[in-house]
Amino acid sequence: MDGKLLGRAMAKFLAGVLLLGLLLFLPAGTLNWSQAWLLMAILFIPMFIAGLVMLHRSPDLLRKRLNASEEQGEQRQVILLSGIMFLAAFVAAGLNRRFRWIVLPEAVSWIAAGIFLLGYLLYARVLQENAWLSRTVEVQENQRVVDTGLYGVVRHPMYMSTLLLFLSMPLVLGSAISFVIMLAYIPIIARRIRNEEQVLVEGLAGYAEYRTRVRWKVIPFIW
């Protein structure tokens, strides 16, 4: 086992737990918020398990997932906008819990939790199908076009899964206001996809032809 890689992964994981906890519970003014604990559980427990699996079976893939150093200026802007969106959505959810602006039925949180876990399963499947999956927009050495499985249905199944994940999170927290804020993810990810496809068409052999065969980008028959 790569001890250095394990240390990096654990440090990033614990930092994520701490950061999300602060963004949720400080604005809420209380730890007595079952919906926030539900989100923390369904987000971080599968993430921890997936990290251990990747560390054991695919350490190179884990390294790629930990690499968030984006070189392209446009993609750095996308990351910045995404960070602002998450910050606003989580803080708004905490404030909504404190001041009870819009209270959604508890059943909404549990349904959204199921959708969130479905998004996680899709995400795990994408990781299995694409060994070149990276958090940065780049063409890697010896990379080839993946056109089987989910990639035979849509060109960006990872973004299909993150769309389910990100739009369900505010509903798990019971915050309609945060859900509206999270809708900003759609134009943000559309911008990222546009730039990503430009890079792939220019640098990855066969990608232009793949785009003509697989019409849909994220959602079959819709987008």
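Modeller: A residue is called buried under 20% relative accessible area, exposed over 50%, and partly exposed in between (1.4 Å probe, protein chains only). This is a predicted model, in which local features need pLDDT of at least 70, side-chain atom pairs count only at pLDDT 80 or more, and totals for chains, interfaces and linings use all residues. Residues are numbered from 1 along each chain as its sequence is written, and side-chain values use heavy atoms, with hydrogens and water left out.

Biologist: Where is Arg100 found, and is Arg100 buried, exposed or partly exposed?

Modeller: Arg100 is in the loop between α4 and α5; helices (H or I, at least four residues) and strands (E, at least two) are DSSP runs, numbered from the N terminus. Because its relative accessible area is 47%, Arg100 is partly exposed. Its phi is positive, near 55 degrees, in a residue other than glycine.

Biologist: What is to be said of Phe221?

Modeller: Phe221 also has a positive phi, near 70 degrees, and is not a glycine. Phe221 is placed in the segment after α9. Phe221 counts as exposed because its relative accessibility is 71%.

Biologist: Which residues have the most contacts inside the largest nonpolar core?

Modeller: Such a core is a set of buried Ala, Val, Leu, Ile, Met, Phe, Trp, Tyr and Cys residues joined through side-chain atoms within 4.5 Å. The largest one here has 63 residues, and those with the most contacts inside it are Leu24, Trp33, Leu39, Phe90, Met169, Leu173 and Met182. Among the elements giving two or more residues to this core are α1 (3–28), α2 (34–57), α4 (73–99) and α6 (157–172). Apart from neighbours within four places in sequence, Met169 is in contact (heavy atoms within 4.5 Å) with Leu39, Phe86, Phe90, Phe116 and Met182.

Biologist: How many residues of α6 are buried, and what follows α6?

Modeller: Helix α6 is mostly covered, with 14 of its 16 residues buried. The expected span of a helix is 1.5 Å times one less than its number of residues. For the 16 residues of α6 this gives 22 Å, and its end C-alpha atoms are 22 Å apart, so the two agree. After α6 comes Gly174, with a positive phi near 75 degrees.

Biologist: Which residues does Asn96 contact, leaving aside its neighbours within four places in sequence?

Modeller: Those residues are Trp101, Ile102, Gly174, Ser175 and Ile177. Asn96 belongs to helix α4, and Asn96 counts as buried because its relative accessibility is 5%.
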